[in-house]
Amino acid sequence: MNSMTGYGYKEAVIESTQVSVEIRSVNSRFLDLSINLPQFLNVLESRIRKTICSKIIRGKVDVYIRVKDLESSAKIVADTKAAVRYRDAIASVAQAVGQNASDIPLSLIIEQEGVLNVTYEYDPESYWKKIEPVFEEVLNGFVSDRIREGENLKADLLNKLDVLDSCAAFFKEWQPKMEAKFRETIEKKFHELLGEHVDQNKILEETAAMLVRYTINEEIIRLQSHLSALRKEFVENPTPGKRIDFICQEANREINTIGSKNQFTEVGQAVVNAKDALENIREQSKNVE
């Protein structure tokens, strides 16, 4: 079981290139992956996406990769013909306003567009060789962070499930007590109305009718089945998030029915405890991959 929240970061200098990789994630119903690369490295996005998708199932994942060359790879070419044309044009302007052409600074000519042309040569594969080891280390740390947090979530979910199991066991224990109390209540009412002239068959009929209306045996069986399925998801399924939410909906239906049929304070309190524990599980399931 993994958490959907995680973080990983590393910065390193490899062959005169500074590389930084950051991966972070928060909750999401599906995998929402965003990869931020320098524009000249966009061709690497597909392989990065494929690697992440092989390890992450759900979550909003943001990946930031930055590179900076510590030694310039710029190639500068001077267009001397353009420089001469700029010089002549500027000299004409200088003469027109009564200035000496010889006073024209070289920097004024150099800064004109097209005089110095700067180009960079980027080889994505050579950069990937520098990025890959940093990326793999950060991704592994990021996944480990999600696993570690997932174990904490799993422990909390199992504790809440223990509470639900206790409530289900309490409902089962109270079922025969409820039936006995129903019979006792009906007998008391018949005796109050008829004294000693009570028809036992009529008491049995009324008790049976009340049991049909208020018995919770079937709900208990289904609830225990749902709780068993939940525990199996917690223990065996590495990505149980969506299944947990579905099973919780089914379990909640049974608990609500038990609550609607309940006639006793003790059972009512157990219903409240069960609903509280189940709601906690549903909330935590939003954090589980």
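Residues are numbered from 1 along each chain as its sequence is written. Because the model is predicted, local features need pLDDT of at least 70 and side-chain atom pairs count only at pLDDT 80 or more, while totals for chains, interfaces and linings use all residues; side-chain values use heavy atoms, with hydrogens and water left out.

Strand β3 covers residues 31–36, and strand β4 covers residues 59–69. The two run parallel and are joined by 6 bridges. Strands pair if DSSP finds at least two bridges between them. Helices (H or I, at least four residues) and strands (E, at least two) are DSSP runs, numbered from the N terminus. In this pairing, L33 stands opposite V61 of β4.

The largest pocket has a volume of about 220 Å³. A pocket is an open set of points on a 1 Å grid over the protein atoms alone, with protein on both sides within 12 Å along at least five of seven lines; lining residues have an atom within 4 Å of a point. The volume is the space filled by probe spheres set on the points, with a 1.4 Å probe. Residues lining the largest pocket include M4, F30, R58 and D245. Helix α7 (residues 241–261) gives the largest share of this lining, 3 residues. By class, the lining has 2 nonpolar, 4 polar and 5 charged residues. Ala, Val, Leu, Ile, Met, Phe, Trp, Tyr, Cys and Pro count as nonpolar, Asp, Glu, Lys and Arg as charged, and the others, Gly among them, as polar.

The structure holds 3 aromatic pairs. One of them joins W128 and F135, 6.1 Å centre to centre with 50° between the planes. This pair is tilted. Rings of Phe, Tyr and Trp (its six-membered ring) pair if their centres lie within 6.5 Å; planes under 30 degrees apart count as stacked, over 60 as edge-to-face and the rest as tilted. Both W128 and F135 are buried. Buried means under 20% relative accessible area, exposed over 50%, partly exposed in between (1.4 Å probe, protein chains only). The ring centres of F170 and W174 are 6.0 Å apart and their planes lie at 40°, so this pair is tilted. F170 and W174 are 4 residues apart in helix α4 (residues 124–194), and therefore separated by about one helical turn. F170 is partly exposed, at 24% relative accessible area. W174 is buried, at 7%.

N140 also lies in helix α4. N140 is partly exposed, with a relative accessible area of 38%. Its C-alpha atom is 9.3 Å from that of K55, 85 residues away along the chain.
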